[in-house]
There are 2 protein chains.
Amino acid sequence: MWGRSINTKGNSSVRATQSRKVLPVTIDRVAKHAGVSVSTVSRILNGTAVVAEEKRKAVDEAIAALGFVPNPVARGLAGGKSFSIGVVTQAIDSPFYGAALRGIEDELDPSGYVPMFVSGHWSVNVESRCIDVLRSRRVDGIIVLTGRLSDQTLKTCAKSTPVVVTGRSLKAAGLFSLNFDNFLGARIATQYLLDLGHRAIAFIAGDADHPDANERLRGYRSALEAAGIKFDPALVVAGAYHESSGLMAVEHLLEKRRHFSAIFAANDQMAIGANLALQRRSLRVPADVSLVGFDDLPTSMYAIPPLTSIRQPAYELGRLAASAILQLVNGVQPIAKAPAPQLVARESARRLPG
Amino acid sequence: MWGRSINTKGNSSVRATQSRKVLPVTIDRVAKHAGVSVSTVSRILNGTAVVAEEKRKAVDEAIAALGFVPNPVARGLAGGKSFSIGVVTQAIDSPFYGAALRGIEDELDPSGYVPMFVSGHWSVNVESRCIDVLRSRRVDGIIVLTGRLSDQTLKTCAKSTPVVVTGRSLKAAGLFSLNFDNFLGARIATQYLLDLGHRAIAFIAGDADHPDANERLRGYRSALEAAGIKFDPALVVAGAYHESSGLMAVEHLLEKRRHFSAIFAANDQMAIGANLALQRRSLRVPADVSLVGFDDLPTSMYAIPPLTSIRQPAYELGRLAASAILQLVNGVQPIAKAPAPQLVARESARRLPG
DNA sequence: TTGTATGCGTTATCAG
DNA sequence: CTGATAACGCATACAA
């Protein structure tokens, strides 16, 4: 089935033959050159055991002289490790995940591990398949950036391959979770608007079956309640975390003639969409309506007006996740914690006039 | 050297032992189950030879029954292929490259190949190292998204591993290039502004040692010349392809009291930055100055005002590149061509009043 | 057409 | 501390 989809009929024989001659420096070539056995070379390569200083030197020289580079593929087969970390992201081209991926890459780089990115597209099935692919590739660990896989699936997976997952709080053997405090972030954002004198604050929510979207909704409600303001369901409209849904949300609000002086969007992308919708209707931001986003994407500071948002340090989160998976892979229990949410006040929100 | 950077002292022995029991369904287990030899199974898997229908059925059943999944690592070692394609991108979190990566991913997915992304960060040295890593991983092919590697380096690399590179026009054995027509794109953009009646058109350039940045500059000049307008060096200011440089470019222009009624930015990110700078100085876009970008990033349509830009189909380019490398890997010469640049007129540019 | 034997480059397990 | 040698899981000449 899977095998037939691969086109192998090509006649790449000529090039293939050449390509195998380019880097034929194997470990036993080094061994011979240094006058030792392959095991010795392997040992000093991995630091598996102590070897005589003279032999070590001879081997080091041989390696340098021959330009030997170990073959990760063979190492994988023999040692059961692949020196690669699987990363299931939801959308590799999302501005938010992009930063996280870079963080992962940066952190993994010096360790000799390489990341293997696959996209789950917010679909349980696709994510599942991603995990399968990753495991068939024998990755040494898996980082799951949120997603919709069930907690149980993750736990099961962690039994055979270390897993670190963001966006949830889970505890299990071989599993480490890194949860950003979405609830608190949303609470801070709402509180900020409240402090500015706003009372009618609309909320553009994310997908309902999106765990952190719900947390953000909860934070919004919590701040409202704490301020003694009745939660008005008519002021929250569902979005889908991308620009167009933010735009449509505002149009919906306007169409229904809802009254509001401020909008809190569950992420920056929706805030950007909302911003456009507002200005299309000649509603000035922040003169007529204040706007606050969530995530603080790199580009949000260049929005017009520059967007006030809750900073979610995606890059750092990526680094932390990578660092954690490396620890897990090496048998140590990570203890990292996600940075706390923080408000970045810019120009899209201001004190309610009057 | 490299070996010692890998921490192997951890005591993950227990988990490691388990992990090897999870998917121990090897090819010869299947062979036994089906009552045939391993070679037969292998042949069926790869379509290497014709086998009797009954055996094929037996094997298919065995595969299904045992849930067998071939081990790419072992396949790689034995067959000299890794079923993975290396991709050297410049910045994995760039909005532009993100789309290309998704295209690559989507195209590779059904073929059974998986992409291996590494970032060159616009540095020859880093890119070089990326290539080394990729080759040491025995990727079957490499896609280079522009970058600063010399043509010669690429050609040499292509001798042992098929390469497809974007952003240049190169010909060599095992090498295929996919060049977007940046010159034409820039010409179209400038021409558009010219048609709108603008005469004083500023240009925010990209890095000078960036091949496509130069092409865009050339296109700008070419359109000007064709219209009989003298090229004014004072109207072109260097940028660096990111928002802040666009912002600074405009401030520079304003500071120097240059006169212009329109700006053409060599990419959308700089246009976005320019937009903010303009509005900060109370210059309305497009009422006071028209603005045109390049790339047509997904978010550009949500800018305020929605940005007029030259569409560079990054996603399609990614797909094309992936498709081409697959062909190259299979020994067939690709013939794809990059889509032509196209103007997307939105609201950031308008006819010069008066 | 099908099975056998050998190799792929390392690591790991044993003896020495 | 070191060196043979057997895995690792699969592909593939070579035989049959």
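# Close-up views of a protein–DNA model

**Helices H3(B) and H4(B) are roughly perpendicular to each other.** Their axes come within 10 Å and cross at roughly 85°. The contact pairs Thr40(B), Val41(B) and Ile44(B) of H3(B) with Lys55(B), Arg56(B) and Val59(B) of H4(B). By class, that contact holds three nonpolar, one polar and two charged residues. This is a predicted model: local features need pLDDT of at least 70 and side-chain atom pairs count only at pLDDT 80 or more, while totals for chains, interfaces and linings use all residues. Residues are numbered from 1 along each chain as its sequence is written, while chains are lettered from A and ligands numbered from 1 in the order in which they are written.

Terms for this view:
- Helices (H or I, at least four residues) and strands (E, at least two) are DSSP runs, numbered from the N terminus.
- Axes are lines fitted to C-alpha atoms, for helices over the stretch in contact; angles run from 0 to 180 degrees between N-to-C directions.
- Angles under 35 degrees count as roughly parallel, over 145 as roughly antiparallel, 65 to 115 as roughly perpendicular and the rest as oblique.
- Residues are in contact if their C-beta atoms, placed from the backbone, lie within 7 Å.
- Nonpolar covers Ala, Val, Leu, Ile, Met, Phe, Trp, Tyr, Cys and Pro; charged covers Asp, Glu, Lys and Arg; the others, Gly among them, are polar.

**Helix H2(B) crosses H3(B) at roughly 105°.** The two axes come within 8 Å. H2(B) and H3(B) are therefore roughly perpendicular to each other. From H2(B), which spans residues 27–34, the contact takes Ile27(B), Asp28(B), Val30(B) and Ala31(B). From H3(B) come Val38(B), Thr40(B), Val41(B) and Ser42(B). The contact of H2(B) with H3(B) counts five nonpolar, two polar and one charged residues.

**In chain A, H2(A) and H3(A) cross at roughly 105°.** Their axes come within 8 Å. That makes H2(A) roughly perpendicular to H3(A). Ile27(A), Asp28(A), Val30(A) and Ala31(A) of H2(A) meet Val38(A), Val41(A) and Ser42(A) of H3(A). Here the contact divides into five nonpolar, one polar and one charged.

**DNA strand C is surrounded by 29 residues.** A residue counts as near a molecule or strand if its C-beta atom, placed from the backbone, lies within 6 Å of it. Ile27(A), Ala74(A), Ala78(A), Val51(B) and Ala52(B) are the closest to DNA strand C. Chain A gives two or more residues to this surface from each of H2 (27–34), H3 (38–46) and H5 (72–79). The surface near DNA strand C has 16 nonpolar, ten polar and three charged residues.

**DNA strand D has 29 residues around it.** Ser39(A), Val51(A), Ala52(A), Ile27(B) and Ala78(B) come nearest. H3 and H5 of chain A and H3 and H5 of chain B are the elements that give two or more residues each. H3(B) supplies the largest share, six residues. The surface near DNA strand D divides into 16 nonpolar, ten polar and three charged residues.

**Five strands of chain B form an open parallel sheet.** The order is S2-S1-S3-S4-S5. S2 (114–119) and S5 (175–178) of chain B stand at the edges; each has a single partner strand, so one side of each lacks a neighbour in the sheet. The twist averages 20° from one strand to the next. Two strands pair if DSSP finds at least two bridges between them. S1(B), residues 84–89, pairs with S2(B) in the parallel sense over six bridges. Phe117(B) in S2(B) is the bridge partner of Val87(B).

**Strand S10(B) pairs with S9(B) and with S11(B).** S9 (290–295) and S10 (308–311) of chain B run parallel, joined by four bridges. One bridge pair is Asp295(B) and Arg311(B). S10(B) and S11 (342–344) of chain B run antiparallel, joined by three bridges. Ile310(B) stands opposite Leu343(B) of S11(B).

**Arg350(B) lies in the segment after S11 of chain B.** Arg350(B) counts as partly exposed, with 18 C-beta neighbours inside 10 Å. A residue is buried if 20 or more other C-beta atoms, placed from the backbone, lie within 10 Å of its own, exposed if 12 or fewer, and partly exposed in between. Not counting residues up to four places away in sequence, Arg350(B) touches Leu196(B), Pro286(B) and Ser290(B). Arg168(B) is 182 residues away from Arg350(B) along the chain, and their C-alpha atoms are separated by 33 Å.

Notes:
Contact = placed C-beta atoms within 7 Å.
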